[in-house]
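Thank you all for coming; please bring the sequence and the model up on your screens, and I will walk you through a few parts of the chain.

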Amino acid sequence: QVQLVESGGGLVQAGGSLRLSCVASGNIFTINEVAWHRQAPGKQRELVALITSGGRTNYPDSAKGRFTISRDNAKSTVYLQMNSLKPEDTSVYYCNVFTTTGAGYWGQGTQVTVSS
């Protein structure tokens with residue numbers, strides 16, 4: 001019912017910034033929470049940001065103070081602003097949403113590479 005397309009990834013130097021975008025389509029009116037996860041090869045997937053329909057946000061310690069998640073409902077888009085990037089942030093970043101019925105949807109991911 002919901003399709004997600006991520007964009008904005010790329011190669012950036014340590015200390016630089018990127019803004020990821022996730023455009024949702026389909027039955028967007030059922031979306032409750034939106035999150036960004038990342039997963040590097042051979043590593044476990046981890047949450048980097050979450051925002052609820054009411055605007056409440058949550059970040060792990062690794063992202064606090066550097067990453068900001070936001071929503072633009074008029075554009076059906078969620079953003080992840082990433083500042084002060086570190087090589088450890090290198091990963092594939094995935095947008096995912098959860099509907100009011102509990103269903104989850106995932107995008108295909110966008111690669112972020114941070115060089116030293």
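Predicted model: local features only at pLDDT ≥ 70, side-chain atom pairs only at ≥ 80, totals over all residues.

**Arg66 and its surroundings**

Let me start with Arg66, which, setting aside residues up to four places away in sequence, touches Gln81, Met82, Asn83, Ser84, Leu85, Lys86 and Asp89, where contact means heavy atoms within 4.5 Å. Residues are numbered from 1 along each chain as its sequence is written, and side-chain values use heavy atoms, with hydrogens and water left out.

Arg66 is found in the loop between β6 (57–58) and β7 (67–72); strands here are DSSP runs of E with at least two residues, numbered from the N terminus. Is Arg66 buried or exposed? It counts as buried because its relative accessibility is 11%, and the scheme is that buried means under 20% relative accessible area, exposed over 50%, and partly exposed in between, with a 1.4 Å probe and protein chains only. The side chain of Arg66 also reaches the backbone oxygen of Ser84 at 3.0 Å.

**The salt bridges**

A search of the whole structure finds 4 salt bridges, a salt bridge being a side-chain nitrogen of Lys or Arg within 4 Å of a carboxyl oxygen of Asp or Glu. In one of them, the side chains of Arg66 and Asp89 meet at 2.7 Å, N to O. Because Arg66 lies in the loop between β6 and β7 and Asp89 in the loop between β8 and β9, this pair ties together parts that are 23 residues apart in sequence.

Asp89, which is buried with a relative accessible area of 2%, also meets Arg38 in a salt bridge at 2.9 Å, N to O. That pair links distant parts of the chain, with Arg38 in strand β4 and Asp89 in the loop between β8 and β9, 51 residues apart. Arg38, in turn, forms a salt bridge with Glu46, the closest N and O atoms being 2.7 Å apart. Arg38 counts as buried at 6% relative accessibility, whereas Glu46, at 33%, counts as partly exposed. Taken together, Arg38, Glu46, Arg66 and Asp89 are linked in a network of salt bridges.

**The nonpolar core**

Which residues touch the most other members of the largest nonpolar core? Of its 27 residues, they are Leu4, Trp36, Phe67, Ile69, Leu80, Met82 and Tyr93; a nonpolar core is a set of buried Ala, Val, Leu, Ile, Met, Phe, Trp, Tyr and Cys residues joined through side-chain atoms within 4.5 Å. The elements that give two or more residues to this core are β1 (2–7), β3 (18–26), β4 (31–39), β5 (46–51), β7, β8, β9 (91–99) and β11 (110–115), and the largest share, 4 residues, comes from β3.

**Thr77, to finish**

How values were computed. Polar contact = N/O pair within 3.5 Å; in protein donor to acceptor, adjacent residues only side chain to side chain.
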